[in-house]
Amino acid sequence: MTTLKASALAFIALLAAVIAGPVQAQPAPQDTPDIVGEWHGNAAVATGDQMMALTVTRGADGTLAGEFENRDVAPGRRAPVSEIVATNGRLTFKIGGINATYEATWDEAAQEWRGTISRGATPLRFSRGLPPAKPRIEGLDGLWEATVEANGTRLRQILRISSGEWGTNLVMDSPDQYVSNVVLPDLAREGRVVRFSAPRRAGRFEGILSEDGDELAGAFKVGEQQSPITFIRTQATAETAPPRRPQNPTEPVPYRQEEVAFDNPAAHGVHLFGTLTLPQGQGPFPVAILLSGSGQHDRDETLDGHKPFLVIADHLTRGGIAVLRFDDRGSGKSTGQAYDATSGDKASDANAAFAYLLGRTDVRHDAIGFIGHSEGGLIGPIAMACNDKVAFLVSLAGPATDTIDLMLSQRRIMTGGEGVSEEQLARSEAFNVAEWKALAAAETLEAGRAALLELLTPETKAALGLPPETDSALILREMMRARVWYLARYDPVPNLARVSVPVLAQNGSLDHQTEPKSNLDAWRARLTGSRDVTVLELPGLNHMFQHARTGGRGEYRDIEETFAPEALSLMAQWLKQRFLND
C-alpha cells in the first residue's frame, strides 16, 4: 500500500472534474449536407476531449437510422440513434442508452456540425469521416489495480486498457472517490517504460513494466512533486462481468405489470412513461408513486448496476400496495429537457403522475402517496404544497435540513472518506459557503452565475490548488445550473409544516450523502402539522439502504444487496397498517 503525496492527490482530483464545458454560440442556419455516412468529433468535457463516432444510414423507405459510439470510453459499444432530422441547416437526433439528445447547426465554412448533447449540455462538433485511429500499444491490455493511502483512507485506482481497430485506449477509475471513465491521453511504451498523461495533460505518469508484464511500478508527477504507485494486472482483458443482483425479481411474478404514459400539462413537451404494478385481485388498491434522487434516472432508479425502485415495487406490490414508477424527464422513454430540471420541475412531474392515477378506477384515490429517495424525499413536500390530496409521504434519506447545511455536511462526510485531509477541507470550505450564499442571494439564475464567477479570483484558485489558467466556467459548471440555484434558495420549513398526512422518514446510520442525525432531527422538528410521524435511523445502512462497511460511495457497486430486507419490510408494514387494515 502506497501513501500518496499532494502531487498524486492533485492528479486524482483532476480525475473527479468530469464537468461539461460551456455551451458554444451557434452560427446562423445554412445549407444542410447529406447526413448519411460516417462522422466523428470531440465532446468537450473538463478532463479533456472524448472522441465520438456517428454512423448514419438510410433505409429503402427513406428512414434514417444510426449508431453512436464513444471511442475513448467504450470503443465498440454502439448505441442506437433515432429520430434523426437534418434540415434547414440543423441536425437533431436521440441517443439510446444514455438517454440524450444532440442538437446542432451546420457551419459551412468549417464543414462541421456544432452543437451540444443534452446530457450535461456537453459541446460536441462533428466532421465527416471516420475517427482517426490511435497508436496500438502491445502487451498492456487488461485491468490494472493499485491501492493507495491518502490521509488514512485506502483508495482503489483502476486502469482499463483495451486495444482494437481503433488503437489502444486507456481509461482510469477511482471507485472509492466515485470517479469513472476518465480518459488518460498519450499512452506510450518504449520497451518496458510506460507513460501516460493526466487529464488535460496537467500531470504525468511514468513506470517500469515488470519482466512478466503484470506489474507496473512508477510515479505520478505533478509539477516537481512525485508520488510512487504500483499497478498490478488483475485480468487479461479490461472487460468485467456484470455484478450479481439477487434481489431483482424474475418472471413470472405474482402481480400485474402495465406500461403507462401520461403528459405533464404544466410543462410543454414533457411526456412521461412508466410502469404500474398492481396486486392480484380487483382492487382498488393503495398506490405509491416513487420519486428518484438527484440526477437523471430511469424508472428503476438504476445506479451502479442496482435497480432499487424495481426491488421496492416488487416487494410492496407482493404485499398489496400498487406502485407507479416512471422515467425522469429526458430519461428512458420520457421526453423533456432534464439537464436544467429543478426540484420544482420534478415536483410538477410527480403531480402529473398523481393526476394520472386519479383517472383510474383500480386504485384508491384516497390512498395515493409519495415515496421519495434522496432528492425525491425533498421533491415530495414541494409537490404536496399544491396538492392536498396526497395521502402519505415516505422519505428514504430525503433531506429536511437547510440546503447549505446539507451540502456542507455531505461534502465533509463524503470527501473525508475519500482521502481528503482536514487541512484540504478547511481550505475549500469557506469558498463552498460563499458559493451557496451567493446563489441564495441571487434573484435570478443569471445573477447567480455572475456572482459565482466573481468569487473565483486568481487568489481563490491558488488557495484551492488549481492552476491559474483553469477555466472558471468549467470549475463552476455544476454550481451554475438552474437546479443548484433552485436548491440554494429553497426553504424546506414552510412545505414541511404544511404536511398533515402520515409520514415515515428513514435514514441509514452510514449515510454519507444525507447525514442521518441532523437530518432526522429536522424531520421531527419541522413536521409540525402531522400527528402521525415515524422517524427512524436504520443501523448499518448507507445512502442506498444497503448493508455497508463504511458507507462510502465506492461500495455501492461492490455490494450485491440492492435494498436491505428490513427496510423493505418496515416500509411495507407501515403502509399496510394505515391503508390496508381499515
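1. Because the model is predicted, local features need pLDDT of at least 70 and side-chain atom pairs count only at pLDDT 80 or more, while totals for chains, interfaces and linings use all residues. Residues are numbered from 1 along each chain as its sequence is written, and side-chain values use heavy atoms, with hydrogens and water left out.

2. Helix 2 (residues 308–318) packs against helix 13 (residues 565–579) at an angle of about 45 degrees, with the two axes 10 Å apart.

3. The contact (heavy atoms within 4.5 Å) involves Val-311, Ile-312, His-315 and Leu-316 of helix 2, together with Leu-568, Ser-569, Met-571, Ala-572 and Leu-575 of helix 13. By class, this contact of helix 2 with helix 13 holds seven nonpolar, two polar and no charged residues.

4. The structure holds two cavities of 30 Å³ or more, a cavity being a set of points on a 1 Å grid over the protein atoms alone where a 1.4 Å probe fits but cannot get out, with lining residues having an atom within 4 Å of a point. The largest cavity has a volume of about 90 Å³, and its lining divides into four nonpolar, one polar and four charged residues, including Asp-328, Arg-329, Lys-346 and Asp-349.

5. The second largest cavity contains about 30 Å³ of space, and its lining has eight nonpolar, no polar and no charged residues, among them Trp-144 and Phe-196.

Notes
Axes fitted to C-alpha atoms, helices over the stretch in contact; angles between N-to-C directions. Helix = DSSP H or I, 4+ residues; strand = E, 2+ residues; numbered from the N terminus. Nonpolar A, V, L, I, M, F, W, Y, C, P; charged D, E, K, R; others polar. 1 Å grid on protein atoms, 1.4 Å probe; cavity = no way out; pocket = protein on both sides within 12 Å on 5 of 7 lines; lining within 4 Å. Points joined across faces, edges and corners; volume = space filled by probe spheres on them.
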